[in-house]
Amino acid sequence: MRRADRMVTDPQWLCRVLDAAPYIVLGLSGEDGPYAVPLNFAHADGCIYFHSARQGRKLDCLRRDPRVSVTAVATARLVGQGGRACDMGMAYESVCASGTAEILTDGKERGEALRAIILRYGGDPATVSEAEARGVALVRVRLTCVSGKRANMS
């Protein structure tokens, strides 16, 4: 990272930012070039979990190349507005990561991933029928490189 003064490597801080981020942006390598998509997610044990339709561009990309990037932003606000343009900036806390995605097939893992995502957003896992659960793909991203960055948070 070019701005080492903004880099954060503390695992607890990284988890806090992931907990606070309302969504992630998943970066994939598509047949026609880069593809990025915002997603609901959960994280645990060094992994990111998300759900998807069972067919579509996202899963096509993952099957072709399971290497992905993940970006999460917990805080972002403009600072210095109304003054000189070069004095304006952003106050932010973010996490960028890369890893390898795997479409889950094991019933127990799928159930745990779906439950984690539902609970993260305040839902009740008991309200999801077995048919609804079978109707979605669940993906685990094993994170291999994670870094945080923050600026202007005072």
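In this predicted model, Ser94 touches Trp13, Val17, Ala72, Val73, Ser147, Gly148 and Lys149, leaving aside residues up to four places away in sequence.

**Ser94 and its surroundings**
- Ser94 belongs to strand β7, and with a relative accessibility of 12% it counts as buried, because the cut-off for that class is under 20%.
- Although Ser94 and Arg150 are separated by 56 residues in sequence, their C-alpha atoms are 6.4 Å apart in space.

**Strand pairing around β7**
- Strand β7, which covers residues 89-103, pairs with strand β6 (residues 67-79) in the antiparallel sense, and twelve bridges join the two.
- Within this pairing, Ser69 has Ser98 of β7 as its bridge partner.
- Strand β7 also pairs with strand β8 (residues 136-151), again in the antiparallel sense and over twelve bridges, and here the bridge partner of Ala97 is Val146 in β8.

**Helix α2 and its buried side**
- Helix α2 runs through residues 57-64, and its buried residues are Lys58, Leu59, Cys61 and Leu62.
- These residues lie on the same side of α2, because the arc they cover around the axis is only 155 degrees.
- The strands against which the buried residues of α2 pack are β2 (24-30), β3 (33-39), β5, β6, β7 and β8.

**Ser52 in strand β5**
- Ser52 is part of strand β5, which spans residues 47-53, and its relative accessible area of 6% places Ser52 among the buried residues, because that value falls under the 20% limit.
- Leaving out residues up to four places away in sequence, Ser52 touches Lys58, Leu59, Val136 and Ala137, and two of these contacts, Lys58 and Leu59, are listed with the buried residues of helix α2.
- The side chains of Ser52 and Lys58 are also joined by a polar contact of 3.1 Å.

**Charges and aromatic rings**
- Arg57 places its charged end over the ring of Tyr35, at a distance of 3.9 Å from the ring centre.
- Arg120 likewise lies over the face of a ring, in this case that of Phe41, with 4.0 Å to the ring centre.
- Aromatic pairs, by contrast, number zero when the whole structure is searched.

Terms used:
Residues numbered from 1 in each chain as written. Predicted model: local features only at pLDDT ≥ 70, side-chain atom pairs only at ≥ 80, totals over all residues. Heavy atoms only, no water. Helix = DSSP H or I, 4+ residues; strand = E, 2+ residues; numbered from the N terminus. Buried < 20%, exposed > 50% of the residue type's maximum accessible area, 1.4 Å probe, protein only. Polar contact = N/O pair within 3.5 Å; in protein donor to acceptor, adjacent residues only side chain to side chain. Contact = heavy atoms within 4.5 Å. Pairing = 2+ DSSP bridges. Phe/Tyr/Trp six-rings, centres within 6.5 Å; stacked < 30°, edge-to-face > 60°. Lys NZ or Arg CZ within 6 Å of the ring centre and 35° of its normal. Arc of directions from axis to C-beta.
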